[in-house]
Amino acid sequence: MDNCIFCKIANGEIPSATLYEDDDFRVILDLGPATKGHALLLPKTHAANLYELPDDLAEKAILVAKKAAAGLRDGLGSDGLNLVQNNGEAAGQTVFHFHMHLIPRWKGDHAGVGWKPGTLTDETRDEILRKVHI
Ligand code: AMP
Ligand code: ZN
């Protein structure tokens, strides 16, 4: 993808604060962090979102995320971590190159990664179970 900023960052054409790099991924600091240490895991090949991500990279991505999560925790002394991954504008995706957010969390940081719980009614549950086949 010629004009994809995350392709350029992942492949080192645009400099970034890099925490980790291997043949397939780069982990960088987010320029608009939710908390101290908010990092992004980027594959070096372009996939717009999770639906497009090849299976081999999907498998590797979670292992890199696991390593990065431990590095952030050990380095920064965080109490928790949110792994966030947005797909599509409706879900808040703004950069259309697959990425995972690693957001270190501290007790009482009010970073606001969350939602207001609704209610799962019997009718909705049955509808979903009927319609969704994974
Ligand atoms: P999303 O909303 O899931 O697409 O997340 C995009 C994220 O990329 C946001 O958290 C932005 O702060 C971050 N971001 C955008 N451009 C850059 C950049 N050039 N370097 C680092 N982070 C970026
Ligand atoms: Zn890209």
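Modeller: Let us begin with a definition: a residue is near a molecule or strand if one of its heavy atoms lies within 4 Å of it. This is a predicted model, in which local features need pLDDT of at least 70 and side-chain atom pairs count only at pLDDT 80 or more, while totals for chains, interfaces and linings use all residues. Residues are numbered from 1 along each chain as its sequence is written, chains are lettered from A and ligands numbered from 1 in the order in which they are written, and side-chain values use heavy atoms, with hydrogens and water left out.

Colleague: Which of the residues around ligand 1 come nearest?

Modeller: There are 16 residues around ligand 1, and D30, G92, T94, H99 and H101 come nearest. The shell divides into 8 nonpolar, 7 polar and 1 charged. Here Ala, Val, Leu, Ile, Met, Phe, Trp, Tyr, Cys and Pro count as nonpolar, Asp, Glu, Lys and Arg as charged, and the others, Gly among them, as polar.

Colleague: What makes the pairing of N86 with ligand 1 a polar contact?

Modeller: A polar contact is a pair of N or O atoms within 3.5 Å; within protein, one must be able to donate a hydrogen and the other to accept it, and residues adjacent in sequence count only if both atoms are side-chain atoms. A polar side-chain atom of N86 lies 2.9 Å from an oxygen atom of ligand 1, and an N or O atom in the side chain of H101 is 2.8 Å from a ligand oxygen. From G92, a backbone N or O atom also lies 2.8 Å from an oxygen of the ligand.

Colleague: Which atoms coordinate the zinc ion (ligand 2)?

Modeller: Donors are N, O and S atoms within 2.8 Å of the metal (3.2 Å for Na, K and Ca); water is not among the atoms, so sites may look incomplete. C4 (SG), C7 (SG), H46 (ND1) and H97 (ND1) coordinate the zinc ion at 2.1 to 2.3 Å.

Colleague: Why is the arrangement around the zinc ion called tetrahedral?

Modeller: Four donors count as tetrahedral if all angles lie between 85 and 135 degrees. The 4 donor atoms subtend angles of 104 to 117°, and therefore the arrangement is tetrahedral.

Colleague: How do you know that C4, C7 and K44 are buried?

Modeller: Buried means under 20% relative accessible area, exposed over 50%, partly exposed in between (1.4 Å probe, protein chains only). C4 has 7%, C7 has 8% and K44 has 15%, so each counts as buried.

Technical notes
Tetrahedral: all angles 85-135°; square planar, octahedral: opposite > 155°, others 65-115°.
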